[in-house]
Amino acid sequence: MLTALTNGTIYTGAQVIRNKTLLTEQGKIAALVNPAEVPAHAAVTDCTGSIIAPGLLDLQIYGGGGYLFAAKRSPEALNAMAQALVKSGTTGFLLTLATDSMEVFHECIRIVRDHPHPAVLGMHLEGPYINPAKKGAHPVQHIKRPARDEVEGLLAAAGGVVKMITVAPEMCDPAILRWLDAQGIVLSAGHSNATFAEAMDGFQNGVRAVTHLFNAMSSLHHRDTGLPGATFRDGSVYASIIADNIHVDDNALIISKKVMGHRLFLITDAVEANDTWPAHHVAQEDRFTLPDGTLSGSRLTLLRAVQRCVEHAGIPLEEALRMATVYPATLMGLKDRGRIEPGCRADLVVFDPQYKVQKVFVAGTQQ
């Protein structure tokens, strides 16, 4: 069916377009045309006063719709999580697992592999190959160094569903990092106590991103700038950031954006309340913590993170949207998402000037 989205301001990822109509057909972006050129048989959706943007992409999220997936491991939980995220404007996400036992990892991978959902881009394993000195909310008893046979078995079982792995580069054999990179896994440095030199070595051995910049990593110190300094210094590595003024202060967001430009992208790192070990997340007013108060996750949606970038960090809306669409898509090699251009998937979010979601489309179908 041919669908026409009219009267909205279109943020394509490359430019801002007014007084045009967006056409979608067979799940893809068909064209941007003048209103008078809309075919008579098109189904028209009026978006007056709203912004039309590519569906948002979250590369690190653990739960939604009342489910923390690692604790409620089932196809039903996966579907409920995906539906809730889509309604918030996030049309693509990496379902993320924190450090846990290999048994839990394999069970979760099997469910995601065997029950595909159009919004699930794959999985992000945050751990267990991290540094216990920067474990944050991760259970220390499952943290380990990677062994080649274990990693090979994990990826073989995944059947391509694992797309990203967060590692502490100083805890990993460089040969394993290079092997994972060769398998097409996006390696991200996080929960790491790496020195500047160790971080730069990791980048040379296949690490292409950094997980939640500043959180659970070596500090930006003037005598050794650690992982944050290496991230700033390197010209190609990307970094995710949690823009909630809790995980990082707004000034850290502002400085990071000025230094990194297009290499900085948004994630939510969002979890759901859960009262079972090891993922015991307690809901606070504006965040989640462990029972001892350790920060364990956000209560963000990705659209709220975009809003914070605009209203508190002075980032123009078109650039803040790119931080949640174009840049994560580029890192993950997703050529058909994160942009509004002919041939791309018609994954779209329509929201008003107050950042309230009005409509969401996944592959051209309104949700």
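Residues are numbered from 1 along each chain as its sequence is written, and side-chain values use heavy atoms, with hydrogens and water left out. Because the model is predicted, local features need pLDDT of at least 70 and side-chain atom pairs count only at pLDDT 80 or more, whereas totals for chains, interfaces and linings use all residues.

Secondary structure elements are DSSP runs numbered from the N terminus, with helices (H or I) of at least four residues and strands (E) of at least two. Strands are taken to pair if DSSP finds at least two bridges between them. On this basis, six strands form an open sheet in the order S3-S2-S7-S22-S23-S24, with mixed pairing. Its edge strands are S3 (16–17) and S24 (365–366), each of which pairs on one side only. Within this sheet, strand S7 (residues 51–54) and strand S22 (residues 348–351) run antiparallel and are joined by four bridges. Ile51 has Phe351 as its bridge partner in S22.

A further open sheet has four strands in the order S18-S19-S20-S21, and its pairing is antiparallel. Strands S18 and S21 (295–298) stand at the edges with a single partner strand each, so one side of each is left without a neighbour in the sheet. Strand S19 (residues 280–283) is joined to strand S20 (residues 287–289) by two bridges, in an antiparallel arrangement. Ala283 stands opposite Phe288 of S20.

Two sets of positions carry the UniProt feature "binding site", each from an unreviewed entry. UniProt positions follow the numbering used here, feature names are shortened, and annotations may be inferred rather than shown by experiment. Glu126, His191 and His212 belong to the lining of the largest pocket. A pocket is defined on a 1 Å grid over the protein atoms alone, as an open set of points where a 1.4 Å probe fits, with protein on both sides within 12 Å along at least five of seven lines; lining residues have an atom within 4 Å of a point.

Glu126 is found in strand S12, and His212 lies in the loop between strand S15 (207–210) and helix H6 (226–233). Both count as buried, because Glu126 has a relative accessibility of 2% and His212 a relative accessible area of 4%. These classes use a 1.4 Å probe and protein chains only: buried is under 20% relative accessible area, exposed is over 50%, and partly exposed is in between. The side chains of His212 and Glu126 make a polar contact at 2.9 Å. Such a contact is a pair of N or O atoms within 3.5 Å; within protein, one must be able to donate a hydrogen and the other to accept it, and residues adjacent in sequence count only if both atoms are side-chain atoms. With contact defined as heavy atoms within 4.5 Å, and residues up to four places away in sequence not counted, the contacts of Glu126 include Gln60, His138, His191 and His212. Under the corresponding exclusion, His212 is in contact with residues including Gln60, His191, Met217, Ile242 and Asp269.

Ala137 is located in the loop between strand S12 (120–126) and helix H3 (148–158). Apart from neighbours within four places in sequence, Ala137 contacts Leu290, Thr294, Leu295 and Ser296. Leu295 belongs to strand S21 and is partly exposed, at 29% relative accessible area. Beyond its sequence neighbours within four places, Leu295 touches residues including Ala137, His247 and Phe288.

Thr268 occupies the loop between strand S17 (264–266) and strand S18 (274–275), where it is buried with a relative accessible area of 1%. Leaving aside neighbours within four places in sequence, its contacts include Asp58, Gln60, Ile242 and Ser298.

The structure holds zero disulfides, a disulfide being a pair of cysteine sulfur atoms within 2.5 Å. For Cys47, the nearest cysteine sulfur is that of Cys344, 18 Å away. Cys47 is buried at 1% relative accessible area, and Cys108 is buried at 0%.
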